[in-house]
Amino acid sequence: MKTPAPLVPHPASRTRSHDSRFLKACRSEPVDATPIWLMRQAGRYMKDYRDLRARVPFLELCKNPALVSEITVTAAEKLGVDAAIIFADLLLIVEPLGLHLEYGKGDGPLITPAVRTPADVDRLLEVEPEQSLAYFYDAIRQTRTDLAARLPLIGFAGCPFTMASYLIEGGGSRNYRHTKALMYRNPGAWRELMERLARNLARYINAQIDAGVQAVQVFDTWVGCLGPADYRQYAQPYTHLMLEGVNSGTPIIHFGTGTATLLEAMRDAGGSVIGVDSHIELNEAWRRLGSGVGVQGNLDPIALYGDLDFLRMRAQRVLDQAGGRSGHIFNLGHGLLPDTPYENVLALVKIVHDVSSERFAKGK
Ligand code: CP3
């Protein structure tokens, strides 16, 4: 769909992390060891986080730049990963769109009122992110200051489809009934909603880059509920529009789950690296994506519940499938679960670094 622009770093991103393993891999350059970071690396599986959460509700944490920085930096440093991801949430942009957001106990996020009609779409507000989400950008600046200069900081956002699904369902969903009903029955309202989201999300991302993130991951977490034809018609044009609006020069990781049949179409929508989940073998995913793009993934998060021999075997399998190609970023197929054994997360980071550096040193 578009020829990727060369990755010349955004001026605000010229930190000492430019030559880090993670950013090199984002640019498909050779590395001394495979970089690894983990989705939800700052979260409930970590005691430090649970202790803090016992005192402060989740949304309040997100709105406190000092605590965001502490959570983000502590997780990255304790794990020894190759990048930090800003502690925040996909749904922070919901409030400035003019809706109410809360995180219920155990039932995930709740958004009210749900967006179900063309009139609901028209009521959504344009987001001026630097004003309405000042706390978020302050948190990025604070974290960038506190984080070791060699470590890249990753920003993130949802893709239009996944964001639309939250707004329309009013939260999580099993079958995306309301989302697909609006999409199929009311194409005009769907297009309007998706264009608005693409425009606002691009601004939300650009302001993160200006505040100091070195890479961005866009999450299309729930797009796997669409078949390939529906993806190309109803989701891909808007992800493409959003990514075209992002300032060039910053690597984009484009991630989704349940995307085994959508990978080529996701690649065509944009991103320098495609994030794949564990429902496809990594070598098969890479074969389908071709050599022009990096690949992130894709250990099953539940493999971390196995014993160390099993974990080592599974991590090695992912590295075997990556086959030493430039452009591989090790990650899970999806986020860490709240009761993942912490010691195994530490062990995984070490396994990936040790195994891959030994292989690269042997020139393999
Ligand atoms: O990866 C990281 O460490 C950065 C932080 C991060 C969070 N959410 C923190 C969080 C990131 C990148 C996200 C993205 C996000 N948020 C996604 C896409 C990620 C994916 O898995 O594909 C989605 C779908 C959301 C929306 C969301 N936020 C849900 C569905 C929930 C509740 C689910 C749950 O696990 O309870 C949240 C809350 C949330 N976001 C928590 C954290 C650490 C748990 C909040 C708590 O402490 O209670």
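Student: Which side chains meet in a salt bridge with R21 and D82 as the example, and how do I read it?

Tutor: A salt bridge pairs a side-chain nitrogen of Lys or Arg with a carboxyl oxygen of Asp or Glu within 4 Å. In this predicted model, the side chains of R21 and D82 form such a pair, with 3.1 Å from N to O.

Student: Why does the pair tie together separate parts?

Tutor: R21 belongs to helix α1, whereas D82 sits in the loop between α4 and β1, so the bridge links parts 61 residues apart in sequence.

Student: Is R21 buried or partly exposed, and what about D82?

Tutor: Buried means under 20% relative accessible area. D82 has 10% and is therefore buried, while R21, at 24%, counts as partly exposed.

Student: Where do D320 and R359 lie?

Tutor: Their side chains meet in a salt bridge at 2.7 Å, N to O. D320 is in helix α14 and R359 in helix α15, so this pair joins parts 39 residues apart in sequence. D320 is partly exposed at 46%, and R359 is partly exposed at 21%.

Student: What separates D354 and K350 in helix α15?

Tutor: They are four residues apart in that helix, which means about one helical turn lies between them. Their side chains form a salt bridge of 2.6 Å, N to O. K350 is exposed at 54%, whereas D354 is partly exposed at 37%.

Student: Which residues do salt bridges with shared partners join into one network?

Tutor: D19, R27 and E29 are joined in this way.

Student: How many salt bridges are there by this rule?

Tutor: The count is 21 salt bridges.

Note on methods:
Residues are numbered from 1 along each chain as its sequence is written. This is a predicted model: local features need pLDDT of at least 70, side-chain atom pairs count only at pLDDT 80 or more; totals for chains, interfaces and linings use all residues. Side-chain values use heavy atoms; hydrogens and water are left out. Helices (H or I, at least four residues) and strands (E, at least two) are DSSP runs, numbered from the N terminus. Buried means under 20% relative accessible area, exposed over 50%, partly exposed in between (1.4 Å probe, protein chains only).
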